[in-house]
Amino acid sequence: MKRFIAILMMVCFSATMIFAQTAKPAAKKPATETKAAKATTPAKAAAPTKKDGTPDMRYKANKETAKAAPAGPTKKDGTPDMRYKANKEVAKKK
């Protein structure tokens, strides 16, 4: 019984040593230029924005622009109908 336990311990120890040798540390990725370019460009909207660039809806100026009527026809629920060219152009600008 002692031999069996000793052999089992050696096998477990060997297995852990083998797997420990193959692990490699993760390489750091260099910062991309697109993130740096976004941080240096001025905000497109005059109203305050969040860090990710979306309008901050806590401010009145952003709420008013969100409630503005669409340029073209709307669906029954009030959203712009994207089948029309006027609504597509507004969506591309944003």
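## Basis and overall architecture

Helices (H or I, at least four residues) and strands (E, at least two) are DSSP runs, numbered from the N terminus. On that basis the protein reads α-α-α-α along its sequence, with four helices and zero strands.

This is a predicted model, in which local features need pLDDT of at least 70, side-chain atom pairs count only at pLDDT 80 or more, and totals for chains, interfaces and linings use all residues. Residues are numbered from 1 along each chain as its sequence is written, and side-chain values use heavy atoms, with hydrogens and water left out.

## Surface and contacts

The accessible surface (Shrake-Rupley method, 1.4 Å probe; for residues, only the protein chains shown count as cover) is about 9,300 Å², and carbon and sulfur atoms contribute 64% of it. Of the 94 residues, 6% are buried, where buried means under 20% relative accessible area, exposed over 50%, and partly exposed in between (1.4 Å probe, protein chains only).

Among contacts (heavy atoms within 4.5 Å) with a separation of 6 or more, 0% join residues 24 or more positions apart.

## Residue F4

F4 lies in helix α1 (residues 2–22). It counts as exposed because its relative accessibility is 55%.

## Residue N87

N87 belongs to helix α4 (residues 85–93) and counts as buried because its relative accessibility is 3%. The N87 side chain reaches the backbone oxygen of D81 at 2.8 Å. Leaving aside residues up to four places away in sequence, N87 touches P70, A71, G72, P73, P80, D81 and M82.

Key: Polar contact = N/O pair within 3.5 Å; in protein donor to acceptor, adjacent residues only side chain to side chain.
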